Amino acid sequence: MPLRRTRRTKEILPVVKKTIKKTIKEKKIKAEKTQNIHPPDTWNSVYDRIQEFRTGITAPVDTMGCERLADETASRPVQRFQTLFSLMLSSQTKDTVTSVVVRKLQKELPHGLCLGSILEIDEAELDKMISPIGFHTKKASYIKQTAVILRDQYMGDIPDTAEDLVKLPGVGPKMAYLTLQVAWNKNMGIGVDVHVHRISNRLGWVKTNTPEETRESLQSWLPKDKWKGINPMLVGFGQTVCLPRGPRCDICPVSEYCPSAVKTTKKTSVKKETVYVKKEEEIKQEPVELEW
């Protein structure tokens, strides 16, 4: 028996159709933004040049990056927790700041930096201890909530899949994939931060608006054996050469391949001299005395 269209149904139906069309349009736009692109023919040469260049220059990420902050003398579960904890702090915070705060917590917390210590400490006290970190109050709340989840749902360890990691408060795809690479030695995706996002777009490797779009685009063509290494390589390159403002294109090893390179020309100064010439009528005739 066919359903009769009531007045209410007739009113709702256009709204539903409009919503469906809008949803389809938004998905189409998102798909267009993250569509796979063919990388430049020179991408391999550019990658190798940057990689070689990075071996000769030390960046903050090389000594203070989150993957280097876990206490090597601690148990594996504690090391994994410290890696996740460090990454949660690192968002919108420089490595030089994050490393100092993590080292301080490792030394000053009663049981060291571990799940038990974070469960015991008061949120306000934790907030105070991580105050140099950007958005420290919000992160203190996220960390306390995460600690309870890890205790109750993961037997005191951390999740070993990206799907479960991003369910934790304050954990995004970048943190999830870096955590898997460092803590679990699982290469499941590229960790894309602001440096990787910026440089990939400058090099013309991707054409994206967000780090997540950059990750999806890079993963569509970059060989998987380079997924782990690209983050520390480009982060360090972004900290030392390809800066957000005033990039050092003059020392960049791939400036000749980079469509965003700033070409500088040597300026020559020319000294201008102005010569004033008096008109003939402006020259006063001085009386001349003649001797007879």
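Mentor: Keep in mind that this is a predicted model. We can begin with the lining: Phe 81, Leu 84, Phe 85, Met 88, Ile 143, Thr 146 and Leu 150 surround the largest cavity. Two elements, helix H4 (76-90) and helix H8 (136-153), each give two or more residues to that lining.

Trainee: Which helix gives the largest share of the lining of the largest cavity?

Mentor: That is H4, which supplies four residues.

Trainee: How much space lies in the largest cavity, and what classes of residue make up its lining?

Mentor: The space comes to about 30 Å³, and a search of the whole structure finds one cavity of 30 Å³ or more. Sorted by class, the lining residues are six nonpolar and one polar, with no charged residues.

Trainee: Which residues of H2 are buried?

Mentor: Taking buried as under 20% relative accessible area, they are Trp 43, Val 46, Tyr 47, Ile 50 and Arg 54. Viewed down the axis of H2, these buried residues fall within an arc of 100 degrees, so they line one face of the helix.

Trainee: What do the buried residues of H2 pack against?

Mentor: Their packing partners are helix H3 (60-64) and helix H13 (230-240).

Technical notes:
Residues are numbered from 1 along each chain as its sequence is written. This is a predicted model: local features need pLDDT of at least 70, side-chain atom pairs count only at pLDDT 80 or more; totals for chains, interfaces and linings use all residues. Side-chain values use heavy atoms; hydrogens and water are left out. Buried means under 20% relative accessible area, exposed over 50%, partly exposed in between (1.4 Å probe, protein chains only). The arc is that of the directions from the helix axis to the C-beta atoms. Contact means heavy atoms within 4.5 Å. On a 1 Å grid over the protein atoms alone, a cavity is a set of points where a 1.4 Å probe fits but cannot get out, and a pocket is an open set with protein on both sides within 12 Å along at least five of seven lines; lining residues have an atom within 4 Å of a point. Grid points are joined across faces, edges and corners, and a volume is the space filled by probe spheres set on the points. Ala, Val, Leu, Ile, Met, Phe, Trp, Tyr, Cys and Pro count as nonpolar, Asp, Glu, Lys and Arg as charged, and the others, Gly among them, as polar.
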